[in-house]
Amino acid sequence: MNNEFIQLNQVTKNFKDPASDIYFQALRGIDLHIKQGTLSSIIGPSGAGKSTLLNILGGMTKPSTGTVIVDELPIHSLDEAGMNHYRRNITGFLWQLPERNLLPHLTAEDNITYSMEVAGYPKNKREKRVKELLHAVGLYDRKKHKLGQLSGGEAQRISLAVALANEPKLLLADEPTGELDSETTMEIISYLQQLNRDDGITIVVVTHDNRFERMSEQSFNILDVTIAGLRRSVKSDGKDWRDVVREEISVVNQFGQVKIPNRLIEKYNISGYLRFVEDDETGRIYIEPVDHN
Ligand SMILES: Nc1ncnc2c1ncn2[C@@H]1O[C@H](COP(=O)(O)OP(=O)(O)OP(=O)(O)O)[C@@H](O)[C@H]1O
Ligand SMILES: [Mg+2]
């Protein structure tokens, strides 16, 4: 598993509840392995720990326990200078709210340039890249517009250009389409896919929007502050991942516990007790509901 770009090992994050001063777990036992150049989504309900996880990946906050390796850097143990370098040079961040991505008094192009300045992107390359980025998100003609003069979808596309200004290896997006309508959401999704396909950028999106499930090569399911399972494309040689079948996988945690996918719970009316049946001939294990009355 050494060619992995992102490796999280048993990551937890404890926060103090401001009302009671008692610590609680916002993340528990997170193991995550993501290869370079993949497009992944992490999907789960509100409060599941999505933003906390993304902030850890982005070097914005440190885990309470566990290790986080990105691009061979031990993010969990970097000092402040190391973290700054990681944030400015390796990652790009796209937030849900345009106000968090864009400075309102700067034009679209100046926002992109400013992001390059902060990252120390070479001066002589800036002008050309700003142009390229504005074209890439299809908004060159809006380069003089400020935040208040852009539509929600346009603002998010400019935000994407800003997040990419420093040529990050890793793009992290927290609910990037939360404020957008259906059509504009699909537009942003297709920009992310294009970016991943053409430039090979590793992208991780956290969202509660199930539409991201099929648009990503692998989609992790975050539930009750841990990763319960994933769906991924099963590749066969030469085929693009978009054309192939999806498989659903569950994570076995350190206690040997597994979350049965809700779809199966409903389909087979699973509740109460289960029996594991070993088939020695095939080497497979079956589960079947037990009548416990
Ligand atoms: N700095 C903090 N201090 C204390 N508690 C926090 C802090 N940040 C987050 N939490 C809590 O941790 C839990 C997980 O929060 P998180 O923001 O990661 O959820 P989320 O999955 O992103 O939810 P949403 O979909 O609503 O954005 C929540 O219960 C939240 O209240
Ligand atoms: Mg969140």
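Domain bounds, as used here, come from an automatic or database domain assignment. In this predicted model, that assignment divides the protein chain into domain 1, covering 4–259, and domain 2, covering 262–293. The centres of domain 1 and domain 2, taken over C-alpha atoms, are separated by 37 Å.

Attention may turn next to the ligand. The shell around ligand 1 consists of Phe15, Ala26, Ser46, Gly47, Ala48, Gly49, Lys50, Ser51, Thr52 and His208.

Helix 1 itself deserves a separate description. Of its 8 residues, 6 are buried, and the helix is thus mostly covered. The buried positions are Lys50, Thr52, Leu53, Leu54, Ile56 and Leu57; of these, Lys50 and Thr52 also belong to the surroundings of ligand 1. Just after helix 1, glycine 59 adopts a positive phi of about 70°.

In soluble globular proteins, nonpolar side chains tend to be buried together. In the present model, the largest nonpolar core contains 58 residues, and Ala161 and Leu171 have the most contacts inside it. Helix 6, spanning residues 152–163, gives the most to this core, with 6 residues. When neighbours within four places in sequence are left aside, alanine 161 is in contact with Ile112, Leu133, Leu134, Ala136 and Val137.

Note on methods. Residues are numbered from 1 along each chain as its sequence is written. Chains are lettered from A and ligands numbered from 1 in the order in which they are written. This is a predicted model: local features need pLDDT of at least 70, side-chain atom pairs count only at pLDDT 80 or more; totals for chains, interfaces and linings use all residues. A residue is near a molecule or strand if its C-beta atom, placed from the backbone, lies within 6 Å of it. A nonpolar core is a set of buried Ala, Val, Leu, Ile, Met, Phe, Trp, Tyr and Cys residues joined through C-beta atoms within 7 Å. A residue is buried if 20 or more other C-beta atoms lie within 10 Å of its own, exposed if 12 or fewer, and partly exposed in between; C-beta atoms are placed from the backbone. Helices (H or I, at least four residues) and strands (E, at least two) are DSSP runs, numbered from the N terminus. Two residues are in contact if their C-beta atoms, placed from the backbone, lie within 7 Å.
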